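This report describes the fold of one chain. The sequence and the structure come first.

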Amino acid sequence: MKPRHQKLLAIALSLAGLGVAVALVLNAFQNNLVFFFSPSQVMRGEAPVDRTFRIGGMVEEGSVKREADGLTVRFVVTDTAHTVPVVYKGVLPDLFKEGKGVVAEGRLGPDGLFTATQVLAKHDENYMPPEAAHAIEQAQKAQQTLVKP
Amino acid sequence: MKRFIPLLVFIVLAVFLYLGLYLNPREVPSPFIGRPAPDFTLPVLGQPGQTFSPADAKGRVWLLNVWAPWCVSCRQEHPVLMQLAASGVAIYGLNWKDKDGEAQALLARQGSPYVLTVDDRDGRVGIDYGVTGTPETFIIDKAGIIRMKHVGPITPEIWQKKFVPLLKELET
Amino acid sequence: MIPELGHFALILALLLALVQGVLPIVGAQRGNATLMAVARPAAHGQFVFVLLAFAALAYAFLTNDFSVENVARNSYSKLPEVYRFTATWGSHEGSLLLWTLILGVWTVAVTVYSRHLPEDMAARVIGVMGLVSVGFLAFMLFTSNPFLRLTPAVPEGNDMNPLLQDPGMVIHPPMLYMGYVGFSVAFAFAVAALLSGKLDAAWARWSRPWTTVAWMFLTLGIALGSWWAYYELGWGGWWFWDPTENASFMPWLAGTALIHSLAVTEKRGVFKTWTVLLAITAFSLSLLGTFLVRSGVLSSVHAFATDPGRGVFILAFLGVVIGGSLLLYAWRAPRLVSGGGFTWFSREALLLGNNVFLMAAMGTVLLGTLYPLFMDAMGLGKISVGPPYFNAVFIPLMTPVLFLVAIGPLVRWRGDDLPALAMRMRWAFAVALVTAALLPLTLDGMNLWASLGLFLALWILFGVLTGFLERLKNAPGGLLGKLATLPRSFWGMQIAHAGLAVVVIGATVVSNYEEHRDVRMNVGDYVDLAGYRFLFMGTHPVEGPNYSAMRGTVEVFRNARKVATVHPEKRRYHASGMVMTEAGIDYGVFRDVYVSLGEPLSDSEWVVQVYYKPFVGWLWGGAFLLALGGGLAASDRRYRIALRRNTEAMATAAQGTRA
């Protein structure tokens with residue numbers, strides 16, 4: 001094979017590899033990106049009903065209730081302005097606590113109940129997940145603008 | 001031209017990484033800055049029957065330091081606060097969501113940098129101040145307006161860079 | 001006093017690194033032998049001072065010197081001694097010091113094993129490594145001094161992050177850094193070649209063993225990290241695609257491409273510019289990985305939340321090192337001429353295909369890791385890119401790579417005959433395909449993913465077997481004698497490829513056939529899972545050195561016979577108040593059973609998680625084989641002979657001058 005053909009082969013192979021990669025990425029982005037919404041955004045109906053997303057905020061004090069099976073947990077996520085009820089079946093992470101930040105991944109039912117498939121609290125003891133902190137800040141900003149005279 | 005492609009890719013990447021450094025979700029400007037400090041009346045820790053309101057501190061520049069006994073980063077900033085208190089900075093503590101009531105014992109053991117500490121057991125006042133975690137520190141001026149909010153532990157560098165210039169300005 | 005000495009040693013190390021980075025390179029450009037001769041002593045001196053600094057910091061940790069801020073933040077008087085030592089590199093500052101120390105180790109190794117290199121080449125290589133060292137030392141001294149004092153001293157430290165108090169975490173960072181930093185040698189060789197304009201087969205032969213050794217360490221480091229996550233995080237996951245893991249995986253992918261491309265450049269003198277670019281890329285990704293983990297741009301760990309200054313410093317450093325070397329590449333690469341021809345069906349072409357797909361896979365991991373940052377930077381909302389994305393993209397891109405692994409070594413250089421190869425491999429192909437299709441049917445019905453993974457793994461194993469058979473057919477002597485004559489590089493390659501097949505089997509089986517249940521259990525309750533019965537015997541409190549725990553006892557039965565007793569724990573660390581789950585695991589060759597405690601529901605009742613993990617150990621066994629293969633290949637005879645010949649030549653030359 002002459003150098004010119006080698007070059008052509010290299011270019012063709014690279015293009016093929018790149019093309020496959022781009023196609024896969026686009027396809028995966030279409031289906032697998034998980035967007036993040038705050039409870040306020042959920043209340044305003046901005047969150048999708050038919051696909052997985054994440055919500056974040058604080059676990060409302062006194063809202064954690066365990067059902068009789070010992071595994072199903074209900075709690076309320078708040079950004080201090082609005083709240084979303086969440087149901088989760090499974091073991092909660094070590095750092096899950098009332099009054100602490102939380103991020104849950106799952107789907108929103110038509111009844112407004114968020115069914116979580118995963119509850120994340122991978123941060124350390126006294127900090128919130130940034131998404132949760134962001135949600136709370138946003139909600140408070142919104143409240144401030146509402147009460148502005 | 002094509003030999004410059006790797007360099008260009010890297011430059012684009014570097015620009016985004018640079019922007020990313022300043023994207024701190026916890027540093028979104030607090031909506032409370034420039035507004036009067038939300039009012040509250042809370043019991044003073046260790047002095048039964050006594051209460052404190054922000055109005056009581058009017059006329060001086062003071063810091064409101066939100067902390068909790070269970071908070072690790074607060075312990076990191078504790079020695080810094082002790083030094084500041086020794087040099088005459090007025091620090092008021094807000095003991096946030098301390099359900100077990102461990103704060104008083106802890107302060108007795110490690111020393112208290114606070115003029116006084118109020119007990120926000122259910123975290124309501126913390127929510128009014130938009131507290132998302134501990135420690136957080138607010139600078140409140142003579143007129144009772146919040147002038148700055150710092151999230152995270154105070155280190156000597158942060159104190160020099162973020163607090164000192166503003167405090168100087170407010171004191172004059 | 002000791003910490004001040006450590007600080008002073010760091011300053012001296014920085015000065016020596018500057019000398020090491022500037023003078024030899026200037027000397028090499030000007031042909032000045034005196035300046036070039038500075039390289040080795042400067043490198044040795046720099047290493048000694050970094051080692052002193054490291055020893056000083058380790059001493060502060062071991063003696064609980066809480067007047068040092070770093071110690072106060074990351075250690076605790078009741079921490080067991082071994083963790084007090086490893087806490088030395090548990091912090092941001094300490095891990096940078098470890099990075100620099102390991103760079104020193106590699107540099108010293110280069111000074112020792114580079115006697116056979118032309119003097120100007122060795123001077124440039126050592127000089128470039130000195131410049132990298134300057135960056136890290138300056139970063140430490142200006143933004144992250146590990147020896148800062150805390151006045152007044154605190155009586156007690158904050159404790160090491162409980163997650164890191166673990167034997168796996170003790171050796172994971174040094175292994176990972178050995179890999180990251182090891183790529184700096186290949187990088188330095190590439191930059192030296194670009195500077196001198198000399199890039200030939202000898203260049204590739206020098207770079208190869210270094211790169212392979214670095215790759216071996218990186219493989220071990222990643223495997224240890226994955227194993228640690230498996231038993232420490234409490235739910236038996238072994239790969240999360242989280243940014244810290246991706247940060248180490250991207251250099252691994254680039255490094256894998258590099259060791260293959262170096263082979264082509266050495267044997268055939270082609271792909272030269274591509275190999276140089278890969279060498280730069282692999283090290284750049286190592287630096288990027290350090291940046292991503294250390295700057296906190298991706299994670300919510302608040303290391304830099306209050307101080308983007310450090311991030312800016314590393315980014316500027318990245319800009320100088322990566323940007324500079326890529327600029328040099330753009331300027332000098334056209335001078336490199338590739339020789340040698342090959343056809344579209346040759347080992348060169350297949351290795352090119354392997355490279356293209358490996359780099360495409362690396363690119364998609366990079367994109368997935370940084371995409372949330374891009375979206376956020378442009379104000380398009382907050383998103384997260386999780387395992388579904390990576391699985392959907394990574395698996396299809398790796399499939400052709402794995403397929404080619406089996407046949408690449410069987411195809412001749414320059415060109416081979418595709419129909420002939422098809423004939424050689426037809427039985428292997430048929431057996432792999434039929435086995436992979438039928439095996440899942442005997443388990444629980446059709447499973448295309450399981451079949452795909454098993455097919456690829458068997459296909460690779462048959463490829464390895466064919467490779468051995470064909471090499472042995474023509475050799476004289478008995479079987480053992482024949483095996484002994486095979487060169488280590490051949491053994492290394494085949495063992496590594498077999499290791500890859502083992503990893504694929506582990507990943508495929510555990511992903512498709514693991515079982516898991518969360519149950520509420522009281523003393524005497526049992527749960528059945530995958531043919532095992534888990535009997536909960538209750539919990540009792542135990543006291544660790546720096547934590548209190550509830551320790552559970554779970555007996556595991558199979559066919560009414562007790563096979564194991566495991567003790568999962570729920571720990572609460574005193575100093576930080578953090579709660580940690582320690583899993584109870586019974587390891588086996590073909591399966592692990594894994595039990596962890598959830599929350600207590602009452603005094604005697606707990607939520608318990610039980611897992612059945614078939615073949616999970618194969619993941620790490622396979623990774624070990626990969627690393628072993630790398631080690632064997634790097635110790636091949638021809639590198640050792642080249643070395644010995646040169647030492648002898650030098651000895652003769654020395655005698656000659658003396659005479």
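## A parallel strand pair

In chain B, strand β3 (residues 62-67) and strand β4 (residues 91-96) run parallel and are joined by five bridges. Two strands count as paired if DSSP finds at least two bridges between them. Within this pair, Val66(B) stands opposite Leu94(B) of β4(B).

The model is predicted: local features need pLDDT of at least 70, side-chain atom pairs count only at pLDDT 80 or more, and totals for chains, interfaces and linings use all residues. Residues are numbered from 1 along each chain as its sequence is written, while chains are lettered from A and ligands numbered from 1 in the order in which they are written.

## The sheet and its helix

An open sheet of five strands in chain B has the order β5-β4-β3-β6-β7, with mixed pairing. Its edge strands, β5 (116-120) and β7 (146-151) of chain B, each pair on one side only. From one strand to the next the twist averages 20°.

Helix α5 (residues 156-171) of chain B packs on the sheet and touches β6 (136-140) and β7; the helix direction makes about 170° with that of β7(B). Contact requires C-beta atoms, placed from the backbone, within 7 Å. Axes are lines fitted to C-alpha atoms, for helices over the stretch in contact, and angles run from 0 to 180 degrees between N-to-C directions.

## The chain as a whole

Chain B has five helices and seven strands, in the order α-β-β-β-α-β-α-β-α-β-β-α from the N terminus on. Helices (H or I, at least four residues) and strands (E, at least two) are DSSP runs, numbered from the N terminus.

Definitions and conventions
Two residues are in contact if their C-beta atoms, placed from the backbone, lie within 7 Å.
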